[in-house]
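Here's a quick briefing to read with the model open beside you.

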Amino acid sequence: MTEEQVKILLEELKADLQSADSSVAITKLWHKYFSDTGSFKLLIKKIKDLPAEEKKTTALIIQQAYKEAQDLFTEKEKSIKGGEMSGNIKSQSEDINPIAPKIGHLHPISKTIREMNELFTSMGFSIMDGPEIETDEFCFQRLNVPSDHPARDMQDTIYIKEPDYLLRTQTSSIEAQVLAKYKPPFKIVCPGKSYRNESVNKSNHFVFHQYQGVVVTERANMKDLFGTFQVLFKKMYGEDVVTRYRNKYYPEVEPGVGPDMQCFNCHGKGCPLCKGVGWIEMGGAGIIHPNVMKMAGLDTKKWVGFAFGLGLDRWVMAKYKITDIRTLLGGNLGYKYYENESII
Amino acid sequence: MKVLYSEIKELVPGLKASPKEVGGALTLTGFMMDGFAEVSHKGKKDYLLSLEIRQNRADCLSVIGLAQEVAAYYNLKLNVPAIKPISKNTKKLDIKIEATEETKRVLAIKIDGVKNIESPKWLKEYMSFYGLNSAGLLVDLSNYVMMLTGYPSHLIDFDKTEGPICWSMNNSFKEITTLLGSVTKLNNNEIIIRDNNSILALAGIIGGKTDSIDIKTKSIIAEIAVYDRSIIRKNSRSLSITTEASRRLEKDLDPNGADYAMKMLVSLILKYTGGQVTSSLFNYYPKKYVSPKIQFDKELPSKLSGIEISSKDTLRILKGLNFQIISKNNKLTVIPPTSRMDVSLSEDLAEEVIRIYGYNHISTNETPCLEIVKNITPKNIILSEKIRDVLTALGFDETLSWPLTQEGINDKFNYSNLKEITTQNSVNDLFPNLRQSIAPGLLNQMNEYFKKGVEYIDIFEIGKVFGEKNKNYLEHDSLGILSATKNNTLPQFKDKGESLLRLLGFEDVKYFESKSKPKKSNPQSCWDVFVNNQNIGILYKLTPSETKLNIYFAEIDIEKITKLLVSVNNNPVVELTQKLIPLDVNIELDEGKSIFEYLDNLEKKINKKNIWSINIADIYQIKEKKRYTLRVTYKELSDKEAKEIHLKTFGLNNI
C-alpha cells in the first residue's frame, strides 16, 4: 500500500461525498468506505500484514487518512440529515387558525340565577323547584291569602280551571310546597317562572322570573334576613351598594320587609329610573306568618322562619342593558360571537 | 294617599321633624313615600307627601290615621279635635236594611235648609291636592271628611227620592247612571241603595245621578256606611269602577270609627251651609266590632328582630299606637284600638313594636348566623345545570320562550299522549294554550335569528312542558335542542346530542323509529331516543321550511333521565397492558331493520370484558339492503385470541 494509493482513495471519497445529496446516498457511502468490507476499513485491516519496516510509517499514513475520511463523512452526513430534518418540519408545519371558535352562552336569566345559586349554596342553601300549574291552596290559601283577601288584587291570576287550578302567580307557592313536604330545619332558594294576567308590552309580561328564599330553623330572625340580603346585594352590585329595609305588608309574612337599593343611576337624588324617590324596590321579605307555619303543620313555638322574594327580570335588564322585557323571552335576544365587549 | 305636612303638624303639635324627615319615618314604618312636592295652601308654603298605604291599613287612608303613626314614631301626643255631639231629634228616618249580610253598619241623618254654594278657596285648593275637581260645597265637605277620617260619606238629595231608602242586593236594575253621567251595566248581584223607583247609588262605590246633589239642593240625607269588604271589592272589580270610596271600603274599615266621621261631617255641613238636623241619627249596627284581647310575650319583638328591644320601649310603642295594655300576674294582655283591625296575633303586635322601633336599628353588616342543614336539592336541578354547561361547551346558546302558545301550535309539535291544557282567562288571548313541546319556542327564535341574518343557530331551552291525562294536570322539565344549518347533517346533530347524554353519564343510547311522530317532523327522519331501554325523548328533522336550512330538533325529558341517572354506575377507566386489536366485519340488513336493534342483540351475546369499542366504520347501500362495516376493537387479548373470538362471534369460521 503506497501513500499515493491512500491519497487516491481519500480523493475518491471526497468526490463521492460531493455528489451525495440524500441520507440514502450517504448511507451507501458509509457501506462503501466504513463498513467491514468498506475501503477504509480494509485499509486498516491491512496494517497488520505490512512488513515490519513499513509498518511504522505506512500505518501512520493510513490512520491519519482514515481519521480524515471519517471527519469528512460525518460533516457531510450532518449536513444532509440536518437539511432533510428542516425540510420535513416545514412540510409538516401548520399555522394557527385566526378565526375564533363559536362558543355557547347561557341566557342572562340563567346566568344571574347561577350567580345567586352559587352564593346561596355556599351558605348551605338547597335549590328547589315546584309546579308551575298550581292549586289555589298552595298559591294563596297556604300563604295566608284567603279568597276575598285584598292582596289578591296585587296578583291577577291566569286560571286553568277557576277557581282551583291556576298558573302560579309567585314562587312563594314553592315555599308552601316545601313547607308541606319537608321537615325543618331547611334553607332553600327557588328560582322560577311566575305568571300574571297582564298584557305584554315593553315593561310588562305575563311571564316573569322570581327568586324565592326560605329559611326555617329554631332561631331565624330579621337580623339574619337582613344579613342574608346584604350578602346578596354586595355580591350582585358590589361592596359599595347602599340599602335600606322598611316595613312592608305581605300576607304571608309578619313582620314584613321591603328591601330597597339606592338608585344606581342617581345615587339617591331622584331620577326617572327610580321615579324620583332615589330608591329602587328590590322585592319583599319577612318572618314567615304563623298562619303559614300552622297550615303546614309546624309548631310555631319551636320553628321560626324567614322568606324573601325578588323579581329577577329587572335586575337582569339593568345588568345586561336590556330595555324591553320581551327581549328576555326570545326574539330579539342575540349573543355576540365574542364574549368580551371590547373585541367587537 | 296624599297628606299635607301642615295637617300632620296640626294633629301632632309637638312635631319638630322636617317634612322630608316625616316622609322618611313613614317610609320606614310601612308607608313608602313615593312623591314629595312643595305646595301653597291657605296662603302658606306647605308640603304634600304622597304615600303608598299598606293593603291592610284602611285606617291610614286618612290624615288622622297617618298622624297617629307619626305621633307614635316620634313618641308625641296625637291631638284629634273634639267635636260636639249631634243635636238630638226624635223624628225617625224611613230607612230599610235588606242586605243585612253585606252591610256592617249604616249611619244616616237628615239635614234641611242647606245652601250648596261654591266652596271656599281653601277647600277647592285642598280638593285639587287629591286630584278632585270642586263639585260644590256639600260634596267637597263630604270628600274633605273622607280624607281626614278615612270614611266615605254619601249625600242624597232628599227631595229627589220617593219612599223609603233601602240598602239591598240588586235584582231589578239593569244599569245605573252615575253622578259623573256615565252609564254602567249591572250584573244583578251588587249591593245598592235605592228608593221606591230608582237606584240611588252603588253602595260603597259611587253615587247615582238620580239623587245627586246640585245647586238647588235644600234637603239632604247624609249617610256613612261600612260593608263586608269582599262585596265592595267584587262589585268594584266586576264593574271596573274604582273610586276613593271603594278603595277604602274594600278594606277592613272599623265600623266604630263611623261615629266620629259622621259628627265631623254634620258639624261641617251645619257650619258652612247653614241648615239644621231634622231627624234622629239612624244607626244600623247589629254586630258591634270589639277588639281582640291578645296575650303578648314581651320578648317576641327581640326574638323576631334578632336585636334587643327593651320592655320599656315595647310598652312605650304600643301605648303610643293607642293600644291598651293590661298587666296581670306577670302576663301581658294587649287590646288594639278597633281602628287596627289588622292586629289580632302576638306576631302582629311584635311587628308594630319592631317597625316603630325602626328597622334601621337592625344591623345589616353582620354575617347571617344560620345553622347548618341538610342539602335537599333535587337531582333534576343539578342535572339541568350540567346540561347547560355541556351544551354551551358544544357551542349552543340558551334561549327562553313563552310557555303559552297560539292555537294549533301544539297540534304540530306534540308527540305525547297527553291532552292540551288551555287557560281560561288569559288577557293575551292569542296565546291560550300551555306548550307541549319546547320546539315551537326554539323555532320562533330560529326564525327571528334567520330574519336578522344570525349565522350560527345552535340553540337550546330548558323549561316546563304541560299536558292533561285523566283530568290531572301534568308538567315536567324538558330540554329542547335545535340546530339550523346549511351544511351539517342529522348524524352530526345526533352526535352532539349523544355527546351530551354520554357526558351526563349515559352510555346505552339507542334510536328507534318514532312511534308517535310530530306533524312538523320529516317522518323518514324521526327517532325515539332510548337510554337504558327507556324512551327519554325524540330526535327529528323538521319538514323543509322557507329558510331552506336543515333544521334538526331533539327533546329530552329531564325528569326521566334524572331517574335513570340514579341507577347508572359508570367506570370508563381500564388498565391497558396490551395493544388494542381492531377487527372488521361486514353485516347486511334489510331495509327497515334497525342497526340499533342488531347492536343491542350483539351486546347481549358478546363478552364485554374484552371489548374496547364497537363502531360503525362504513355504511353502504346495496339495492334493498344496507351493508354496515362494524369495527370491533378488542383489548387485553393476543392477536390470535382476538381473531378467534371475532370469527366465532360473527359466525365467520366457515368462510
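Let's start with an open sheet in chain B, where 3 strands line up in the order β16-β18-β17 and the pairing is antiparallel. Bear in mind that this is a predicted model.

**The sheet**

- β16 (294-296) and β17 (324-328) of chain B sit at the edges; each has a single partner strand, so one side of each has no neighbour in the sheet.
- Ignoring direction, neighbouring strands here are turned by 30° against each other on average.
- β16(B) pairs with β18(B) (residues 331-335) in the antiparallel sense, over 3 bridges.
- If you want a residue pair to look up, Phe296(B) has Leu332(B) in β18(B) as its bridge partner.

**The helices alongside**

- α11(B) lies across β16 and β18 of chain B, and runs at about 60° to β16(B).
- That helix, α11(B) (residues 346-357), also meets α10(B) (residues 311-320): their axes come within 9 Å and cross at roughly 95°.
- Since angles of 65 to 115 degrees count as roughly perpendicular, α10(B) is roughly perpendicular to α11(B).
- On the α10(B) side, the contact is made by Asp313(B), Thr314(B), Ile317(B) and Leu318(B).
- α11(B) answers with Leu349(B), Glu352(B), Val353(B), Ile356(B) and Tyr357(B).
- Sorted by class, this helix contact has 6 nonpolar, 1 polar and 2 charged residues.

**Chain B as a whole**

- Zooming out, chain B has 18 helices and 30 strands.
- Its radius of gyration is 39 Å, whereas a compact globule of 655 residues would come out near 26 Å.
- Along the principal axes, the C-alpha atoms of chain B fill a box of roughly 125 × 60 × 45 Å.
- Of the 655 residues in chain B, 40% count as buried.
- Take the contacts in chain B between residues at least 6 apart in sequence: 68% of them join residues at least 24 apart.

**Where the chains meet**

- Chain A puts 67 residues into the contact and chain B puts in 74.
- Elements of chain A giving two or more residues to the side that touches chain B include the helices α5 (108-122) and α8 (222-237), along with strands such as β5 (186-195), β6 (207-217) and β8 (253-262).
- Which element gives the largest share of the side of chain A that touches chain B? That's α8(A), with 8 residues.
- By class, the residues on that side of chain A divide into 34 nonpolar, 19 polar and 14 charged.

Note on methods:
Residues are numbered from 1 along each chain as its sequence is written. Chains are lettered from A and ligands numbered from 1 in the order in which they are written. This is a predicted model: local features need pLDDT of at least 70, side-chain atom pairs count only at pLDDT 80 or more; totals for chains, interfaces and linings use all residues. Axes are lines fitted to C-alpha atoms, for helices over the stretch in contact, and angles run from 0 to 180 degrees between N-to-C directions. Helices (H or I, at least four residues) and strands (E, at least two) are DSSP runs, numbered from the N terminus. Angles under 35 degrees count as roughly parallel, over 145 as roughly antiparallel, 65 to 115 as roughly perpendicular and the rest as oblique. Two residues are in contact if their C-beta atoms, placed from the backbone, lie within 7 Å. Ala, Val, Leu, Ile, Met, Phe, Trp, Tyr, Cys and Pro count as nonpolar, Asp, Glu, Lys and Arg as charged, and the others, Gly among them, as polar. Two strands pair if DSSP finds at least two bridges between them. The radius of gyration is taken over C-alpha atoms; the globule rule is 2.2 Å times the number of residues to the power 0.38. A residue is buried if 20 or more other C-beta atoms lie within 10 Å of its own, exposed if 12 or fewer, and partly exposed in between; C-beta atoms are placed from the backbone.
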